[in-house]
Amino acid sequence: QVQLVESGGGLVQAGGSLRLSCAASGSFFRIDGMGWYRQAPGNQRELVAVITSGGTTTYADSVKGRFTISRDNAKNTVYMQMNNLKPEDTVVYYCNAVVQITQGNYRQYWGQGTQVTVSS
């Protein structure tokens with residue numbers, strides 16, 4: 001079993017910054033992709049940013065130039081620095097990890113979600 005524990009959400013004024021963290025723990029062979037998704041009430045969960053184990057990143061157009069995803073493979077942790085936050089960034093953010101439990105045996109895991117609220 002793999003657990004993803006998120007931290008770093010909260011309340012910030014528009015134009016401010018927050019840093020989200022997500023640490024993976026448990027028994028597994030390797031973590032491949034890690035990333036962040038977000039979901040507003042009544043909407044589908046959408047990709048915000050993902051990063052491969054080799055460091056290749058992908059961002060949603062809405063956050064390009066404002067958010068930066070990074071990871072520390074030694075700590076099994078992914079981060080997302082969010083700058084110039086906007087009220088429309090207000091939503092619950094979920095950490096995601098694609099994990100090889102054993103070599104070639106893939107599972108996808110989600111964190112519990114962390115609320116980000118941006119006031120105007």
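Author: Let's start with pairing: two strands pair if DSSP finds at least two bridges between them. Strands themselves are DSSP runs of E with at least two residues, numbered from the N terminus. One caveat before we go on: this is a predicted model, where local features need pLDDT of at least 70 and side-chain atom pairs count only at pLDDT 80 or more, while totals for chains, interfaces and linings use all residues. Residues are numbered from 1 along each chain as its sequence is written, and side-chain values use heavy atoms, with hydrogens and water left out.

Reader: Okay, how many bridges join β1 to β3?

Author: Strands of a sheet pair through backbone hydrogen bonds, either parallel or antiparallel. Here β1 and β3 run antiparallel, with 6 bridges joining them. To find the spot by eye, look for S7, whose bridge partner in β3 is S21. E6 stands opposite C22, again in β3.

Reader: What is the strand order of the open sheet?

Author: It has 4 strands in the order β1-β3-β8-β7, with antiparallel pairing. β1 and β7 each have a single partner strand, so they stand at the edges and one side of each has no neighbour in the sheet. Direction ignored, neighbouring strands here are turned by 15° against each other on average (axes are lines fitted to C-alpha atoms, and angles run from 0 to 180 degrees between N-to-C directions). Further into that order, β3 and β8 pair in the antiparallel sense over 6 bridges, and L20 stands opposite M80 in β8.

Reader: Now the cysteines. Which residues does the disulfide join?

Author: A disulfide is a covalent bond between the sulfur atoms of two cysteines. The cut-off used here is a pair of cysteine sulfur atoms within 2.5 Å. The structure holds 1 disulfide, which joins C22 to C95 with an S to S distance of 2.0 Å. C22 lies in strand β3 and C95 in strand β9, so the pair ties together parts that are 73 residues apart in sequence. Its handedness comes from the torsion about the S-S bond: that is about -85°, so the disulfide is left-handed.

Reader: Are C22 and C95 buried or exposed?

Author: Both are buried. Buried means under 20% relative accessible area, exposed over 50%, and partly exposed in between (1.4 Å probe, protein chains only).

Reader: And which residues touch the most other members of the largest nonpolar core?

Author: In soluble globular proteins, nonpolar side chains tend to be buried together. A nonpolar core is a set of buried Ala, Val, Leu, Ile, Met, Phe, Trp, Tyr and Cys residues joined through side-chain atoms within 4.5 Å. In the largest one, with 30 residues, L4, W36, F67, V78, M80, M82 and Y93 touch the most other members. Elements that give two or more residues to this core include β1 (2-7), β3 (18-26), β8 (77-82) and β9 (91-102). β9 gives the most, with 5 residues.

Reader: What does Y93 touch?

Author: Contact means heavy atoms within 4.5 Å. Leaving out residues up to four places away in sequence, Y93 touches a list that includes L20, W36, R38, F67, M80 and M82.

Reader: R38 has turned up there. Where is R38 found, by strand?

Author: R38 is found in strand β4 (residues 30-39). With 8% relative accessibility, R38 counts as buried. Its side chain makes a polar contact with the side chain of Y93 at 2.9 Å, and another with the side chain of S62 at 3.3 Å. A polar contact is a pair of N or O atoms within 3.5 Å; within protein, one must be able to donate a hydrogen and the other to accept it, and residues adjacent in sequence count only if both atoms are side-chain atoms.

Reader: Last one, backbone angles. Which residue takes a positive phi in the hairpin of β9 and β10?

Author: Most residues other than glycine have a negative phi. In this hairpin, which has 2 residues between the strands, G104 takes a positive phi near 85°. The strands on either side, β9 and β10 (residues 105-110), run antiparallel and are joined by 6 bridges, and W110 in β10 is the bridge partner of N96.

Reader: What is the phi of N76?

Author: Near 50°, a positive value in a residue other than glycine. N76 sits in the loop between β7 and β8 and, at 25% relative accessibility, counts as partly exposed. N84 also has a positive phi near 50°. N84 lies in the loop between β8 and β9 and is partly exposed, with a relative accessible area of 41%.
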